[in-house]
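Subject: Structure handover

Hello,

Here is the structure we talked about passing on. Please open it before reading further.

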Amino acid sequence: MVRCKKVTDSMITMTEMVLPNHTNPLGNLLGGQLMLWIDICAALCSAKHSENVCVTASVDKIDFHHPIKLGEVVTLVASVNRAFKTSLEVGVKVYAESFTGGSKIHTNTAYLTFVAIDRNGKPVPALQVEPESEDEKRRFEEAAERRQIRLNQRKDIS
Ligand SMILES: CC(C)(COP(=O)(O)OP(=O)(O)OC[C@H]1O[C@@H](n2cnc3c(N)ncnc32)[C@H](O)[C@@H]1OP(=O)(O)O)[C@@H](O)C(=O)NCCC(=O)NCCS
């Protein structure tokens, strides 16, 4: 029987401070730096859920709506939305805040697909996810729709 885990069993929260080497000449966080943190946070979540080495198979489009400034604190929260046969979708929410005033804002949401692999790099069956809260159940349903879009895009490209 395939094992099932709770979403909360593998949630990862990562906190970073925006330093000068993370910014462009305007003092805004570089998009590539944020993408690196998103990938690391999601990879930790995926590996914790899978209890295995996981690779990033794809990253959905990421929009940057709000600049994040030098000195601000960035919090990333990753959770597994749903597992499929060998792949799983991880959602990452990004928040920025200044500890010296200003409110905490939700700056980005990213969806990544990870695959747990064996020593030969071959995909292995994913541990399944048991959504509990209303939000987890909603993300679980939405993940199936996003997967279908990814599969269609893959088919179109190939
Ligand atoms: C991801 C990888 C393991 C898939 O292996 P594969 O032999 O192509 O296996 P499959 O085609 O059977 O795909 C395995 C699963 O990954 C999913 N997948 C593969 N490519 C995908 C993509 N581009 N987007 C979303 N899902 C993808 C498949 O849908 C399948 O999911 P399922 O089993 O849940 O239905 C393989 O392509 C790989 O190792 N890629 C390099 C990963 C890497 O180095 N990442 C670091 C960043 S560059």
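Below is what was found in it, from the overall fold down to single residues.

Please keep in mind that this is a predicted model.

**Overall fold**

The protein chain holds two helices and seven strands. Along the sequence they come in the order β-β-α-β-β-β-β-β-α. The radius of gyration is 17 Å, close to the 15 Å that the globule rule gives for 158 residues, so the chain is as compact as a globular protein of that length. Along the principal axes, the C-alpha atoms fill a box of roughly 50 × 35 × 30 Å.

Buried residues account for 28% of the 158 residues. Take the contacts with a separation of 6 or more: 73% of them join residues 24 or more positions apart.

**Strand 4 and its partners**

Start with strand 4, residues 73–83. This strand is mostly covered, with eight of its 11 residues buried. It pairs with two strands that I would look at in turn, strand 2 and strand 5.

Strand 2 spans residues 12–17 and runs antiparallel to strand 4, over six bridges. In that pairing, threonine 13 stands opposite valine 77 of strand 4.

Strand 5 covers residues 87–97. Its pairing with strand 4 is also antiparallel, over 10 bridges. Here alanine 78 faces valine 92 of strand 5. The link from strand 4 to strand 5 is a hairpin through three residues.

One reminder for reading the strands: in a regular strand the side chains alternate between the two faces of the sheet.

**The ligand shell**

Which residues are closest to the ligand? They are Ser58, Phe84, Lys85, Thr86 and Ser87, out of 15 that surround it. Strand 3 gives the most, with four residues. By type, the shell divides into six nonpolar, six polar and three charged residues.

**Two loop residues**

Glutamate 51 sits in the loop between helix 1 (31–50) and strand 3. Its phi is near 55°, a positive value in a residue other than glycine. For context, most residues other than glycine have a negative phi. Why does glutamate 51 count as exposed? Because it has 12 C-beta neighbours inside 10 Å, and a residue with 12 or fewer is classed as exposed.

Serine 103 belongs to the loop between strand 5 and strand 6. It is exposed too, because 7 other C-beta atoms lie within 10 Å.

Best wishes

Terms used
Residues are numbered from 1 along each chain as its sequence is written. This is a predicted model: local features need pLDDT of at least 70, side-chain atom pairs count only at pLDDT 80 or more; totals for chains, interfaces and linings use all residues. A residue is near a molecule or strand if its C-beta atom, placed from the backbone, lies within 6 Å of it. Ala, Val, Leu, Ile, Met, Phe, Trp, Tyr, Cys and Pro count as nonpolar, Asp, Glu, Lys and Arg as charged, and the others, Gly among them, as polar. A residue is buried if 20 or more other C-beta atoms lie within 10 Å of its own, exposed if 12 or fewer, and partly exposed in between; C-beta atoms are placed from the backbone. Two strands pair if DSSP finds at least two bridges between them. The radius of gyration is taken over C-alpha atoms; the globule rule is 2.2 Å times the number of residues to the power 0.38. Two residues are in contact if their C-beta atoms, placed from the backbone, lie within 7 Å.
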